[in-house]
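Please keep the sequence and the structure in view while reading.

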Amino acid sequence: MLRTPPDEALVAGRWRRGGGAPTQTYDPATGSPLATVHAVTPEEVAEAARAGAEAAADPRWRDLPPHERARLLHRVAALIEDEAEHLAALQTADTGKALTETRALAASAAATFRYTAAALETAEDAVTPSRGAYVTMSVHEPIGVVGAINPWNSPVASDAQKLAPALAGGNAVLLKPAEWTPLVSLALGRLVGRTLEELGLPPALLSVLPGPGRVVGDAIVRDPRVGKVAFTGGTTTGRALARTAADKLMPVSLELGGKSPTIVLPDADVQQALAGVMFGVFSSSGQSCIAGSRLFVARSMYDDVIGELVERVRKLRVGPGTAPDTQVAPLVHRAHRDSVAAYVDLARQEGARVLCGGAAPEGPEYADGAYYLPTVLDGLPGDARTCQEEIFGPVLVALPFDDEEDLVRQANDSVYGLACGIWTRDHRAAWRIARRIEAGTVWINTYKQFSISTPFGGMKASGLGREKGRDGIRAYQRQKSLYWGTATTPLPWAG
């Protein structure tokens, strides 16, 4: 079974202890120490970038045909499947997530590598229509070295969504995991590193560089050899990263925060809608960028729907991620639990009614963990901070609406535009509202369903660019135009 030494980073293709400060990681369910991981230094980031640039230019990789690069991705997918149970258990220990979810995330990571391999094998460049005595072609080439910076909430799936297309595009990758949850990323780095070795490819094509974002992430973004950064995380950090990238004229993709609306129309199947609303916000303990954290219910049915919702939420089972019946697992860290609690306190100050939850659960089994009860709030105006700011926890804010115009106005009254859910039996209303909502993904009579074949990303302050889909590989490449002269007569000025 795979094991990752907790004090080692992957720098320029070699495993070693980072030269920076140690960080202790903790099991969110118990507060027990898990591992000590040493951060890398800015100098080690520079070393990894330098070696990555050399690896990307190495003929063993540079000249490898796409279908041979696809072999690498297929092999990594197989190794992830072989180690899926260990990867799931490691992510549960590191993040607190329920095992049912981390098993699904490991499977998703394998599927991402497999899909990307298939997309790579079938990718085509274009011969564009000629407008003269020449043949024109549009081709795609690697960027060289790319940075991939990921958050702590779903590391193995997020890592795969960047690593697979970046490697498929012919690049070297500097992967920075979140400081709180580095263990799964390091384990995935072992699998990719093993595959590079098996295939005789340059080992420095991947570095896994743990440490704080303000040090390691900043060094990745600023390094002159890094030609693109893909970032998933908070909007404030994303904006700062984009400013640095602008100075370098470097492309970025940013998958940032959200405050996503879920909508229950008067004709909705209420039982189906309630189950979907609860899953949309309380799965992952609300620690999801696409969490449906603003609930809009038609005023005519508001009291009945919210009353039944609260009864159901009170029955959700809170417990450790390792327990098979857990529905709401602990938050990732006690510091983050305290941040969520502070938002609920703010909601009280803003005049909210706390309909359920609003506190950490009581009992000795919860005392040392980072638990917080699933919480439903209402009674707030739409411009309250609790309705506008991303809480990233198991907190739902409910608001009524009067008609479609009022609904669309309230739902779009947000700096974010990541996702939306609509519950209705009326396909015409679903289509009409889905097209009017400012969001990158809209689910109709479902929520939090994902396909690697379907592009994902946000609008407004929720980000730039898209991940997934066939064009996901192209996001890690540069486009080049080629002209082949076919004229039999010389060009003017030929002499």
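## Two helix pairs

Which residues in H14 meet which residues in H15? The model in which this is examined is a predicted one. On the side of H14, the residues are Glu404, Glu405, Leu407 and Val408, and they meet Arg432, Ile433 and Arg436 in H15. Sorted by class, this contact of H14 with H15 has 3 nonpolar, no polar and 4 charged residues. Helix H14 covers residues 404–411 and helix H15 covers residues 427–436; they pack at an angle of about 35°, and their axes are 10 Å apart. Their crossing is right-handed.

A second pair is formed by helix H3 (residues 66–82) and helix H6 (residues 155–168), which pack at an angle of about 160° with axes 9 Å apart. Angles over 145 degrees count as roughly antiparallel, and H3 and H6 are therefore roughly antiparallel to each other. The crossing of H3 and H6 is right-handed. Arg69, Leu72 and Leu73 of H3 make the contact with Ala164, Leu167 and Ala168 of H6. By class, the contact of H3 with H6 has 5 nonpolar, no polar and 1 charged residues.

## Helix H12

Helix H12 runs over residues 334–350 and has 17 residues. From its first C-alpha to its last, H12 reaches 24 Å, close to the 24 Å expected at 1.5 Å a residue. Just after H12, Gly351 takes a positive phi of about 105°.

Which residues of H12 are buried? They are His336, Arg337, Val340, Ala341, Tyr343, Val344, Leu346 and Ala347. The cover over these buried residues includes strand S15 (375–378), helix H13 (385–388) and strand S16 (395–401).

Helix H9, made up of residues 235–248, has 14 residues. H9 reaches 20 Å from its first C-alpha to its last, close to the 20 Å expected at 1.5 Å a residue. Leu249 follows H9 and has a positive phi, near 55°. The buried residues in H9 include Thr235, Gly238, Leu241, Thr244 and Ala245. Against the buried residues of H9 pack helix H8 (213–222) and the strands S7 (145–149), S10 (226–232), S11 (252–255) and S17 (416–417).

In H8, the buried residues are Val216, Gly217, Ala219, Ile220 and Val221. These buried residues of H8 pack against helix H1 (42–57), S7, strand S8 (172–176), S10 and H9.

Leaving aside neighbours within four places in sequence, Ser185 is in contact with Pro155, Asp159, Leu175, Pro177 and Val208. Between Ser185 and Glu197 there are 12 residues of separation in sequence and 18 Å in space, C-alpha to C-alpha.

Pro210 lies in the loop between strand S9 (206–208) and H8. With 2% relative accessibility, Pro210 also counts as buried. Not counting residues up to four places away in sequence, Pro210 touches Ala9, Val37, His38, Ala39, Val40, Pro177, Pro182 and Val216. Pro210 and Pro394 are 184 residues apart along the chain, and their C-alpha atoms are separated by 28 Å.

Definitions and conventions
Residues are numbered from 1 along each chain as its sequence is written. This is a predicted model: local features need pLDDT of at least 70, side-chain atom pairs count only at pLDDT 80 or more; totals for chains, interfaces and linings use all residues. Side-chain values use heavy atoms; hydrogens and water are left out. Helices (H or I, at least four residues) and strands (E, at least two) are DSSP runs, numbered from the N terminus. The expected span of a helix is 1.5 Å times one less than its number of residues. Buried means under 20% relative accessible area, exposed over 50%, partly exposed in between (1.4 Å probe, protein chains only). Contact means heavy atoms within 4.5 Å. Axes are lines fitted to C-alpha atoms, for helices over the stretch in contact, and angles run from 0 to 180 degrees between N-to-C directions. Angles under 35 degrees count as roughly parallel, over 145 as roughly antiparallel, 65 to 115 as roughly perpendicular and the rest as oblique. A crossing is left-handed if the near helix is turned anticlockwise from the far one by less than a right angle, and right-handed if clockwise. Ala, Val, Leu, Ile, Met, Phe, Trp, Tyr, Cys and Pro count as nonpolar, Asp, Glu, Lys and Arg as charged, and the others, Gly among them, as polar.
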